[in-house]
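Trainee: I would like to learn how to read a structure step by step, and I would be glad if you took me through it.
Mentor: Gladly; let us look at it together and take one feature at a time.

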Amino acid sequence: MGTQVLKRLVFLLLCSSGVVHGLPGDGREVWAGQVLLSPVNETQLFLHRTFPKDFLWGVGSAAFQVEGAWDQDGKGPSIWDHFTHSRSSRFAKATGDTASDSYRLWEEDLASLKFLGVRSYGFSISWPRLFPNGSVEVPNKKGVEYYSRLLDRLRQENIEPVVTLYHWDLPQALQQKYGGWKSEALVDIFNDYAAFCFKSFGSRVKYWVTIHNPYLVALQGYGTGQHAPGEAGNSTAVFTVAHNLIKAHARVWHTYDEQFRDLQKGLVSIALGSHWTKPLRGKVNNLSIERCQESMESVLGWFAEPIFGQGDYPANMKKQPRGILPVFTEAEKKYIKGTADFFAFAFGPNNLRLAQNLAKLGQQVSLNLREVLNWIKLEYNNPRILIVENGWFSDARVLTEDTIAIYLIKKFVNQVLQAIVHDGVQVWGYTAWSLVDGFEWNYGYTIRRGLFYVDLMSRDKARIPKSSATFYKQVIWDHGFPGKEGSQSVQGQFPCDFHWGVSDSVLEVRFSPSSPQFTDPNLYLWNISGDGTLQPVSGTQLKTRGPQCTDFLTLQRHLHLVQTTRAGHYRFAMNWSLILPNGDLSAINTEALRYYGCVVTELLKRNIQSTVTLYYPTHHHLLGLPATLHDAGGWLNRTTALAFRDYAALCFRELGPWVRQWITINEPNRLSHAYNVSSSDAYTAGHHLVLAHALAWRLYDKNYRALQHGLVSFSLHADWAEPANPYLESHAAATRRLLLFELASFLDPFLGNGDYPAEVRAHLQEKNRAGLTRSSMPRFTEAEKTTVQGSLDFVALNHFTTRLVRPHRINGSLPRDDHDCELMADITWPSSPMGLPVVPWGIRRVLNWVRDRYGNSMGLYIMASGTDDRSLDNDQLKQYYIRNYIEEALKAYQLDHVNVKGYYVWKLQDKDAPQFGLFNSLHFQSSAKSSLSTYKELIINRGLPSETHTATCEDTEHRSSCAVCLLVLERRPFFFFGACLVLMLSLLTVVLVTGRRRRGKAKRKRQPHLRWDRVALQRLRSPVHSSCLK
């Protein structure tokens, strides 16, 4: 590990200084460095920056995919025309005969380019449109005119053309005559065709690409048979084709370099496509790194190493059996090496999907564009890179609302920005793929890749911008990502009465005291036999006392962890089924109650207030209910609410004097979903949960509040939701609907008009009429409304993450179906090992949502908030989470004036493996993680104060003084004994002094009083001695 760290540091230094010199195999450093990177490392987080000033934004297409007009105006057939026509069943009779009809609608394509605001357009020339027979004889005039018109208009619109000479549509005549690229004769023929294009169009073209993705040409066309010409099973042919493609490219580059460069000043390259791979399941070791390196060399390195490297194939590829892989002569190596003016790179689904089956070598295929760019940088001496194809695909049923494509573009483009800014990769342009929907090779029309939707079955084939087009347009306009969610920094402090807390689930009860010191009646003799053991004295029984709170050493250790956090509040839950095993007051487990009493009183001795949760449901062990109640239907039975009221009354009576804050039920909005046998079960259960809380609140308000002065509420699961597609009202409406179902359905009855949201009822009624559900919400009686309305002292929210929402009409009667919403995540957000997105600004938005809907008079508490982290010590993800979520809560308080009253971290300690805890489990000696220090610092500073001003509180002074009180309380037997000793000595001194004086007087008067002195001394000593014993 130490060697890997050193290598990574050296690598980072070299990258930052720009002196990395690529050598074969240097790309291994990309994987070796992965073990050091946290998802919240500054270099890994989404980068809010803009691209270099002259960055080239573009979009691309390919002739066969979009042009159509396969046999019009003199065009000859291509191998793809023949392939789709002769194997129509394979493509469900789909062909590229008309495709997107760009040959006819090229001006509509130009309008689409102008809509996007791109600075470049990558397109390919159809070889058979210029030369129907392939050979450069008499060119097709109509074809030449078509491309001339397109180039002229692009120049007029200040859009730079990036022209590809060959994007897979070889003239069928050459395939029939020579066997296609298996014949070396095509090297010269392709060169003649390229020279004609240079001569005819070169004055208007600055950037040329000879061949697009030769890997797929060779492997898919002549190996798997998935692409035209559809040949399969001959591995020798695959290597021969690749060999000829490399030589053809080199020949064309030299032709341009020798005949056209001086006059046209253009640049020529070859577009190399690839996948990316990473060690399977994150297991980075020498073996997995070698497998990943071999995978990349066998695809990208196959073509890049001869051109950008040493002029020959990678060493791994030369392990092929003799005669399969062609051999370059020394002259050919020199001729091929360096025949590219920039690195044209394609990264898309064609390579990535293929790699799943052929090239991953037991590792994991990844969409990490940044890492593959770094690999290119390290392997090939940091070349200037133009990304000529990047994007993903959607199912053909997705029309204009291609929401997922938005986040893939966002991810890819930001990874390019990260590679430029953090890694020094020289990327100078980006080409989104593709401009319009078209024929997607072996997938036909079953998928779409266009930024513009085209109804391929229609006559007009109108170009309609998709959501991804609107997003990409915005990225181009912004020149990257200059803004940032929650970017407004804040400095300030929460008020002195702010609740800094730690939240836990059900606290395990341990009935047996950990120390038998005062409960064992035996008298022992020590070390009689010299072995250091204790031997009980037979026949002797001492008087004992019952166990006290201080005897539960496990509890003391647990509360010591709480005290270590510096939090002033600790939230824990009691076990209802343990306290009332029969579900009613017929059997009360007084020992369990006494144990919980010890918890709250021992916390108070540490100056920590308890927030006690009465019922903490779990999805195992009968949902946390007493068995009799669960068997009777649980929360589907109204009597459970009455039983809960009785249980709450018991707890209020026994523990209320020491508890100032109560949570009746934890996350009733999640618990209700556990009841889904019939259509309305979830709503019935939720209804009874609402009533159960209201009954408990009314009971407390009537019988205990005046004396105990506590507050009562319940806590809701309150993750935030954002529209997945920011450009569609349907997504915004779905998000509002989800929040009504998840939050308002449980808050409106208390803080609104005493009933459920009208919008939720209306939505369910509409679905019932449409036959899509049978669910319905219960109705409150007028008496129930009176009981429920207002029965809440504060709003308690458990907030962990943020989700994206999109509408998804569902036919079903499960509660998760009724709101017609589908959840997803932004793949650019950092996430935890459990897949929880870490989105700090979500907490601010949910706090504002509650304030906006219910007003600001009632206090809001974040009762649980945290994320999982697998680190045993330096839990960087959790540190980032705590710091940034609290900062966003501070913004809500300070900038938005939301009445935020407390924040509780979830949770104190892990149960087993590292996860949510501030402390590790007992398996790891309960050691503290780094996130504890982060949280303590925030507590001590009461937030994020400025360096020049930090307000102090009387509470802070009280805490300091109470540290002495705490010391006295913890060591009270010693202090009491000492006080007794001092008092006794003082009294003895007084008695002795008094006695001496009296003896002196007695001598003078010759009257002896010695007996009275002894009696007086005994009388004075007796009460002191008794007091000390007590």
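Trainee: Of the contacts in the chain with a separation of 6 or more, what share comes from residues 24 or more positions apart?
Mentor: Before I answer, please keep in mind that this is a predicted model. Residues 24 or more positions apart account for 78% of those contacts. The chain has 1030 residues, of which 56% count as buried, and its secondary structure comes to 37 helices and 29 strands.

Trainee: Which residues touch the most other members of the largest nonpolar core?
Mentor: Trp181 and Trp635 do, within a core of 281 residues. There is also a second, separate core, which has 11 residues, among them Tyr207 and Val388.

Trainee: How should I read the packing of two helices, and what is the angle between helix H33 and helix H34?
Mentor: Two packed helices are described by the angle between their axes and by the distance between those axes. In this structure, helix H33 (residues 876-894) and helix H34 (residues 930-941) pack at an angle of about 20°, and their axes are 8 Å apart. Because angles under 35 degrees count as roughly parallel, H33 and H34 are described as roughly parallel to each other. Their crossing is right-handed, and the residues that make the contact include Ile882 and Ile886 of H33 together with Tyr935 and Leu938 of H34.

Trainee: How many disulfides are there by the rule used here, and which cysteines form the link?
Mentor: The count comes to 1 disulfide, formed by Cys549 and Cys598, whose sulfur atoms are 2.1 Å apart. The link is left-handed, with -80° about the S-S bond. It joins distant parts of the chain, since Cys549 is in the loop between strand S18 (534-541) and helix H20 (553-564), while Cys598 is in helix H22 (residues 590-605), 49 residues apart.

Trainee: Is Cys549 buried or exposed?
Mentor: Cys549 counts as buried, because its relative accessibility is 18% and the cut-off for buried is under 20%. Cys598 is buried as well, with a relative accessible area of 1%.

Trainee: What should I look for in the backbone, and where is there a cis peptide bond?
Mentor: The general idea is that most residues other than glycine have a negative phi, and most peptide bonds are trans. Here, a cis peptide bond joins Ala228 and Pro229, with omega about 10°, and Pro229 is found in the loop between helix H10 (214-222) and helix H11 (235-259). The peptide bond from Trp906 to Lys907 is also cis, with omega near 0°, and Lys907 lies in the loop between strand S28 (900-906) and H34.

Trainee: Which residue other than glycine has a phi near 45°, and is this residue buried or exposed?
Mentor: Ala99 has that positive phi; the residue is found in the loop between helix H4 (79-86) and helix H5 (106-116), and at 1% relative accessibility Ala99 counts as buried. Leu361, which is not a glycine either, has a positive phi of about 50°, but Leu361 is partly exposed, with a relative accessible area of 35%.

Trainee: Leaving aside its neighbours within four places in sequence, what is Glu371 in contact with?
Mentor: Glu371 is in contact with Val30, Gln34 and Trp276. Glu371 lies in helix H17 (residues 369-379) and, at 16% relative accessibility, counts as buried.

Methods:
Residues numbered from 1 in each chain as written. Predicted model: local features only at pLDDT ≥ 70, side-chain atom pairs only at ≥ 80, totals over all residues. Heavy atoms only, no water. Core = buried A, V, L, I, M, F, W, Y, C linked by side-chain atoms within 4.5 Å. Buried < 20%, exposed > 50% of the residue type's maximum accessible area, 1.4 Å probe, protein only. Disulfide = S-S within 2.5 Å. Helix = DSSP H or I, 4+ residues; strand = E, 2+ residues; numbered from the N terminus. Axes fitted to C-alpha atoms, helices over the stretch in contact; angles between N-to-C directions. Parallel < 35°, antiparallel > 145°, perpendicular 65-115°, else oblique. Left-handed = near helix turned anticlockwise from the far one by under 90°. Contact = heavy atoms within 4.5 Å.
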